[in-house]
Amino acid sequence: MSKYSGYMDKVAKFDLTTGKLEDYPWSDKEKELYLGGKAMAAKILYDHLTGKEEALSEENVIVISTGPLTGTGAPSSGRFNISAISAKTGTVASANCGGTFGYYLKRAGYDALVLTGKCPEHSWLEIYNDTFTLRNADNEDVWGKRPADAEQQMRDLLDRDYGCRVKCGIVGIGTAGEELGENAGVFSRDRAEGSSGIGAVFGWKNLKAVAVSGNKHVVVSNAKKTTAWNKKWVSYLREHPITGEQLPKLGALSIVGTPALTDGGNTAPAAETAKGCLSCPIKCVHAVEINDDESNVPEKEPLALLCGDELSGFPAFLDNLGMRIDGGSPKAKADLSMLMEDLFEAIEATGQCPFTGYAIFPAVLFTDPKSPITVSFNKKVAKLGPVLSILNKHPGLLFFPLSVFHHDREMKFAVGMKMNLGKYLRCGERGYALERYMTTLFAAQTENDGETTEVEAKDGADKLKKAYFAVRGWSKDGVPSEGALKKLGIMKGNQ
């Protein structure tokens with residue numbers, strides 16, 4: 001039994017070929033090292049894969065994982081992650097998604113779902129607590145439908161079978177995934193996990209969707225303190241200019257720094273509806289009516305792919321505020337990118353939206369450019385490069401609580417895990433390095449086969465990336481060594 005709350009303390013491993021269900025071991029030590037989400041999925045793939053497997057094969061593993069805060073009522077904690085070898089790149093891909101699937105996976109009693117093998121026929125997987133049932137997607141008129149229609153069909157079938165309205169979470173693919181389209185994504189209601197190519201993996205495995213429900217409950221460590229802290233944190237997010245104004249009004253794409261949003265943010269098109277994920281007060285999803293059908297405005301991931309490298313995304317965010325780090329030197333920007341990426345990686349690993357991380361910047365920096373705090377910050381920010389470098393190398397220096405960083409107290413009250421900003425950064429670095437290692441492992445195999453991958457094309461030898469790889473302690477080609485993984489406490493097998 002785990003000493004930590006928030007977790008369901010159970011990971012399901014299900015073989016789609018044989019229908020065999022077994023518990024996958026996930027220790028308290030691994031919870032401390034990886035938390036959950038994408039970092040957890042990276043560790044599971046690390047233990048399963050060698051770098052020789054192909055995306056469209058029975059050896060490919062799909063991992064759907066939640067975080068310890070999923071289902072606790074923490075702000076913006078309705079996130080889950082999907083990871084597998086991508087049909088698009090041939091390397092490991094992952095995507096963080098909103099919606100309700102993560103919540104209902106925990107209601108079924110699981111922190112994560114590990115899917116192996118291949119369904120013998122077109123199928124969809126129904127999960128209710130410990131009962132896993134593969135149902136025929138052709139006979140039940142689910143295969144061949146677009147995601148929304150297929151989901152509604154499955155909900156109708158479940159309501160019919162149980163004689164009541166069944167509350168459940170569903171992830172599934174459309175016809176693009178069925179046809180093995182390399183850009184096919186996986187969808188959960190009106191939320192998408194992006195164009196990572198994992199939808200084609202579902203399609204090759206003859207898996208149309210997974211529908212999950214249950215009657216288990218997430219137990220928190222201290223219910224009274226958790227409720228009080230959630231209330232305080234929600235108020236803080238609603239009052240902050242980024243999470244309370246910019247994101248709700250302009251949507252997720254405003255963070256990327258597109259031309260339309262860098263001139264005061266007043267030129268963005270008005271959205272008819274602002275929506276949020278489960279337990280999210282930010283509501284950064286904007287929906288518009290197109291041909292009498294509601295469609296969501298693109299979010300940060302696809303916009304980042306269109307508008308530029310995410311490596312420079314956060315420095316661009318500061319640039320838009322009139323701030324600079326060491327005159328924009330590659331090393332300083334690389335240090336800043338590493339720090340913020342590690343922070344966001346850890347926040348996602350807990351099951352929360354990374355946008356909550358933007359609120360660690362005091363509101364006064366955005367609302368009053370002439371205040372003493374803002375003026376002082378702008379003067380000193382240009383000299384922060386060496387400080388950021390030290391913090392990246394020694395995150396344990398950030399052992400004290402910060403009033404603007406609410407995440408550590410949430411983990412303490414809800415999960416019973418002692419955290420601070422330094423531990424968050426180290427957990428994020430661990431997950432980021434491990435996923436990168438797995439990606440380059442498959443990229444190297446693809447290179448040996450005489451092909452060129454998108455990952456290799458993206459990782460060109462420009463100055464910023466050279467500086468970034470050096471800051472990370474990776475090779476000049478951006479590959480973390482096994483020695484570097486060991487220094488982060490990463491090792492094969494159950495820990």
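The structure as a whole holds zero disulfides. I also looked up Cys-119, which is buried with a relative accessible area of 2%.

**What I am reading from.** This is a predicted model, in which local features need pLDDT of at least 70 and side-chain atom pairs count only at pLDDT 80 or more, while totals for chains, interfaces and linings use all residues. Residues are numbered from 1 along each chain as its sequence is written, and side-chain values use heavy atoms, with hydrogens and water left out.

**Aromatic rings.** I took rings of Phe, Tyr and Trp (its six-membered ring) as paired if their centres lie within 6.5 Å, with planes under 30 degrees apart counted as stacked, over 60 as edge-to-face and the rest as tilted. The count by this rule comes to 15 aromatic pairs. Phe-405 lies in the loop between helix H14 (385–393) and helix H15 (407–415), and Tyr-424 lies in helix H16 (residues 421–448), so that the pair links distant parts of the chain, 19 residues apart; helices (H or I, at least four residues) and strands (E, at least two) are DSSP runs, numbered from the N terminus. Both Phe-405 and Tyr-424 are buried. The rings of Tyr-468 and Trp-474, with centres 6.0 Å apart and planes at 90°, are likewise edge-to-face. Tyr-468 is buried at a relative accessible area of 4%, and Trp-474 is buried at 10%. I noted one aromatic cluster formed by Phe-14, Tyr-110 and Phe-132.

**The sheet.** Which order do the six strands take in the open sheet? I read it as S2-S1-S6-S3-S4-S5, with mixed pairing, where two strands pair if DSSP finds at least two bridges between them. Strand S2 (21–24) and strand S5 (92–97) stand at the edges with a single partner strand each, so one side of each is left without a neighbour in the sheet. Strand S3 (residues 62–65) pairs with strand S4 (residues 80–85) in the antiparallel sense over three bridges, and Val-63 stands opposite Ser-83 in S4.

Key:
A disulfide is a pair of cysteine sulfur atoms within 2.5 Å. Buried means under 20% relative accessible area, exposed over 50%, partly exposed in between (1.4 Å probe, protein chains only).
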